[in-house]
Amino acid sequence: MSVNAAPLDAQTVLARAASPIVAIDSELKVVVWNEAAERMFGWSAHEVLGGPAPYVPSELRAEYQAAMERVRTDGSVSMTTRRLRKDGTCVSVRVNTSSMGPERDISGWVNVFEEVEDAIVAPNKMQERAQLVRRLAEVIVDINAEFDISTIFSRIAQSLTELTGADAAGFVLIEGEMVRLVSMVDLPDERADFESNLATSLFGELLQTGDTVMVATAETRYLDDLIWADLDGLHTIALGVSNVHGRPCGGLYALYSGQRVGDPELELVELLAGHAGVALGNAMSYQETARQRGHERAVFEGSADGIAVLNSRGRIRKWNRVAAELTGRPFEEVLDKRPFFPVPLPHGDPVTHLLPNGRWLEILSQEIPETNEWVVDFRDVTESKALEDEKDLFLATASHELRTPITVVRGFAQTLERSWDQLDEDYRRSAISTIADRSETLARIVDNLFLGSPEATTELTENRWEFDLASVLKETTTAFESLTERHTLVLDIPDGLSPVYGNSTATDLIVGQLLENALKYSPEGGRVVVAARQSGDQITVEVADNGVGIEDGDRERVFDRFVQGDPGDRRRFGGIGLGLYIARRLARVQGGDVTAHPNTPSGTCMRLRLACAKTVEHPA
């Protein structure tokens, strides 16, 4: 029914009734508001007629609507509760609600109010507080179980509006001299990440007081210039400090445009702000731990060394990728087993160990007292071990090779010095000739040692040009003809051989080394053939002999430093094993190569491959 539809005497009765009476239509709008209701709640009929009932607290709206639904089934409902006054305070009332209209066609509700003592509603308040405490506990458990910081901010702000009845909420984070809005509820999206100066903000003012919570109202300060001014009707801001490890990290804001803020709301803001700091601290610690573990994992897996972690019993519990590659044993095979190599004491000298797969390891260890674990680091030193062995071999070989000519030179020189006048002319000439010959041997040994260095190779090949290969082959072969009487040197070069692009001096050294080897390793004499053949854009030079030959398995190894075809070759033929190493280096920096092949019916055929000049782009 409506006021206009009621009989005049009924309206008079309602208006003059001693009890506050409020009628609500089916759309939940006030249609009757008598003078007693105005005295109890403070709003005039003019202010409330035609609108929703203003006296229902936000946290009791669900209860309010549930009571009206019960009227449909029970006919009337009586309960003790709280209602708002216009000044923001609450009044404890007993409200009797009955229906208007036919039983099955309710057109509204009539509420008759009676103010009661607080003692009567105390059980209801205690029940409400118990529900609030339970919900607060659920929120705290929820946010403390979360480790994503942005999610924590969002849940805290959302819970604040739910528990305190705030119309909007936000969380600001301290970043240097600024505060940044990192989470918000019921505020415009464009306010996200808004920044403000900490010193001039409300939060900065709160920090200066040393308190953990404060309230700012429109009556005590100007609020329109704050970012929160986007909230219509903003009249009160409650905020609390969130601390992480005892230091302020941010602030929680509760914004009100409807109800007034009392001690319970302020207490909730303070509690939530405090727990927000705890949750944030936990999340930051978790993320720092995760970051450190990620860093350790990246170092562990990305290390160029093999790394094993041993537990207190000395058994492997971690084994990185490089460890598996170096040893050939996957993690599953070594897990919870003792290392199969020696482990030195922490801070002790490294241990060098040879694995069954032929790799040499250098092993170090370090103890972790906090966890009673050991970290074992091992690296592949096979190459450096080989170089060290080569160095030892070089020193031994060079000493051996140099000792003989030096001894001869020194011996003849001393003899000539002491007995020059007593020696005849033939002996003196023979001694001087021997000294010269041995000096030439020394010079050749020193040259080979020098040519074995990268600097010498670069020096010989960094200047390249187009030259006549046929002429170089003829000159080099002719020079070697005078060095032997047991060998026949044959030169086989076709007419019209194309010139090549490279270094003629380096090429002369290569061919000379191949001829020297051919003569040395065919001690019984025989034919040594120097031939050149052109095929497309390449020219191949062959130096073939009928000597002792090279075993199949050694045809690549003879190009290493300090290596000869057979362990006995050095004693049998002399030399320090650098010749072919140098020859290949000089060929490759010219874009060619030197390879070893068997000769028919016996002996060795060494092949030098070079590029024709016309196929090479010459540098400007």
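Axes here are lines fitted to C-alpha atoms, for helices over the stretch in contact, and angles run from 0 to 180 degrees between N-to-C directions. Helices (H or I, at least four residues) and strands (E, at least two) are DSSP runs, numbered from the N terminus.

The model is predicted, so local features need pLDDT of at least 70 and side-chain atom pairs count only at pLDDT 80 or more, while totals for chains, interfaces and linings use all residues. Residues are numbered from 1 along each chain as its sequence is written, and side-chain values use heavy atoms, with hydrogens and water left out.

I begin with helix 14 and helix 15 (residues 504–520), whose axes come within 10 Å and cross at roughly 40°. Helix 14 is therefore oblique to helix 15; angles under 35 degrees count as roughly parallel, over 145 as roughly antiparallel, 65 to 115 as roughly perpendicular and the rest as oblique.

I turn now to salt bridges, each a side-chain nitrogen of Lys or Arg within 4 Å of a carboxyl oxygen of Asp or Glu. The count comes to 19. R317 and E373 form one, at 2.3 Å, N to O. This pair links distant parts of the chain, strand 13 (residues 316–319) and strand 16 (residues 373–380), 56 residues apart. For exposure, buried means under 20% relative accessible area, exposed over 50%, and partly exposed in between (1.4 Å probe, protein chains only). R317, at 35%, is partly exposed, whereas E373, at 10%, is buried.

Finally, D593 and R584 form a salt bridge with closest N and O atoms 3.4 Å apart, and both residues are buried. Shared partners join E556, R584, R588 and D593 into one network.
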